[in-house]
Amino acid sequence: MNKIPLLKAMKHDRWVKPFLKRYKWTLVLAITLGIITFICASGLMFTAGYLISKSATMPFNILLVYVPIVLTRAFGIFRPVTNYFERLVSHNWVLKMTSAFRKKLYDSLEQDAVFFNSKYRIGDILGLLSEDVAHIQNLYLRTIFPMLVAFGLYAIIVIGMGIVSPLMGLLMLVLFGLIIIAVPVWSVLVNGARQQLEKQYTNTLYADLTDNIMGITDWVFAGRSVDYLQHYDKSEKNVLASQKAMKRFEHWRDYILQIMILLVVISLIVWGETRYGGHWGGSANWIAAFVLCVFPLDEVLSSLPAAAQETNVYTDSLKRLNELPQPPVPSKTNIDITAPYHLKIKDVYYRYPKTERIVLQGISLDIKPGEKLAILGRSGAGKSTLASLIRGDRKPTSGTVTLNDVPTDEFGDKISNYIGIVHQSPYLFHTTILNNIRLGNEEATEEQVWQVLERVGLATMIRRLPEGLHTMVDEAGLRFSGGERHRLSLARILLKDAPIILLDEPTVGLDPVTEEKVIETFMKQLQGKTLIWITHHLQGIEMMDQVVFIENGKIAMEGSPEKLQKTNKHYRTLKMADEGI
């Protein structure tokens, strides 16, 4: 059993087992209803089989027919009723599990959102993890749930038959044990290895095909186009051979499974004849009853090997999910601070997890209420990491980042009440303009939305749109220019009315004229708020109270624009270069 990959992955699992424990009573109820459904189905076939065969003879007592009729009706009614409630309970369990599962996943990803975004396309990451989530759902629904129902039925059958006939109970223990345990495990061990091999062949095939197509001209110029085709044919034959072997195994496995079920039927026929032959009107009635009650079980038993085999596919997803960082534990402290809002960064060091590189080294800043601070530096200097620390998205390796003496990483989602952020590339969702702006404040009225649009200079343009505020925004905001997207992002911030605003390089990619207008709009509309502007060049820097230059994770220059202009030659050089002088 130790060779089964899923069991190894489950030993230190943090994603599947916790949800089984959290919703265990709902799961127990769903499994119980599932077992009762199959009991009712078997009971229906049992009484129907007895009734049909008994009705063909001359019963010496009308109750021998009337009682089975009543039981047949009862089982016939209870089977769909319990099945219906089982579906309701199991779907309720799945929806609760899925909701909590996805929340845990997104909370885990949120910790490293900046890191992911810097290395990978977010769509690729979420697409991959969406597939992993679907695999885990299937692990619950197609493997764990049917297996638990099957084990419940297994226990009932063995105990029930053991009470009536110990020898028959022992035989059922062996036969159903082979069907429920041995065949699925055999399927996992044999075909599971083939699945892994097929996956390797398929990955190699895709990689080789991509490389060869990209370099097809080199193959042709080298006169080796035949070699290319032969190499591809060989890889494809490996995949097809692996798939053929899997199909052949599945065919024989299903055949053996049906043979075992047939053995169960034959055993019941022999046992029924031996035990009930000559009693209560002959053995035929009881043989028909016991044999027919086996057939509903085939529905749950025949799917077990295929479901168990799929666990090899789910194991990779489980491993990937368990490699993600644990989501942060939500703060139970009710944090409620009041103005004035004082932001302090004291001797902060930061190192990304699992890396040796120190991104920030000894950063200390004292940002007073209403102050406008610009943080400059080249790409990779640590500016965006500092922004994440200020927002509380990350926790310093050492040192502190506090807002009114409370560490920002302890605020959780409440940090948005105090610190708003405008990103480099504001994202607009595929919904109405109204809904996009109301992300800042879901309770805002349309009148309030129009007011902030007037302030950012977009009201006239939006009024000219076909449906005004109710005009649909194309995916990623493609309907709007870069400058307009930044203004819409500012509108969200104004609607939220956070006292501290973090501008994370909001003018990247804009032409100089648009950039100047966007900066002027930001400075005018954010007047009176604490403003932290992270940028990589010096346009509009004269409007700031303080300027900080970060190089290699350290503060290289610090002071007001006027002071640096007078006293720092390096600053003057950078300013002239930025202005193209």
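What percentage of the 581 residues of the protein count as buried? In this model, which is predicted, 46% of the residues count as buried. The accessible surface of the protein comes to about 31100 Å², and carbon and sulfur atoms hold 60% of that area.

The chain forms 21 helices and ten strands. To see how parts of the sequence come together, consider the contacts in the protein with a separation of 6 or more, of which 73% are made by residues 24 or more positions apart.

Helix H19 runs through residues 512-525, which gives it 14 residues, and the distance from its first C-alpha to its last is 20 Å, close to the 20 Å expected at 1.5 Å a residue. Several residues of H19 are buried, namely Glu515, Val518, Ile519, Thr521, Phe522, Met523 and Gln525. An α-helix has 3.6 residues a turn, so residues three or four places apart point the same way. The buried residues of H19 pack against helices as well as strands: the helices are H16 (446-456) and H18 (482-496), while the strands are S3 (372-376), S6 (419-422), S7 (500-504) and S8 (530-535).

We can now turn to the charged side chains. The structure holds four salt bridges, and one of them joins Asp497 to Lys529, with the closest N and O atoms 2.8 Å apart. This pair links distant parts of the chain, since Asp497 lies in the loop between H18 and S7 and Lys529 lies in the loop between H19 and S8, 32 residues apart.

Another salt bridge is formed by Glu454 and Arg463, whose closest N and O atoms are 3.0 Å apart. Glu454 is partly exposed, with a relative accessible area of 46%, and Arg463 also counts as partly exposed, at 47% relative accessibility.

A further salt bridge pairs Glu86 with Arg87, and here the closest N and O atoms are 3.8 Å apart. Glu86 counts as buried because its relative accessibility is 8%, while Arg87, at 48% relative accessibility, counts as partly exposed.

Key
Residues numbered from 1 in each chain as written. Predicted model: local features only at pLDDT ≥ 70, side-chain atom pairs only at ≥ 80, totals over all residues. Heavy atoms only, no water. Helix = DSSP H or I, 4+ residues; strand = E, 2+ residues; numbered from the N terminus. Expected span 1.5 Å × (residues − 1). Buried < 20%, exposed > 50% of the residue type's maximum accessible area, 1.4 Å probe, protein only. Contact = heavy atoms within 4.5 Å. Areas by Shrake-Rupley, 256 points an atom, 1.4 Å probe, with all protein chains shown as cover.
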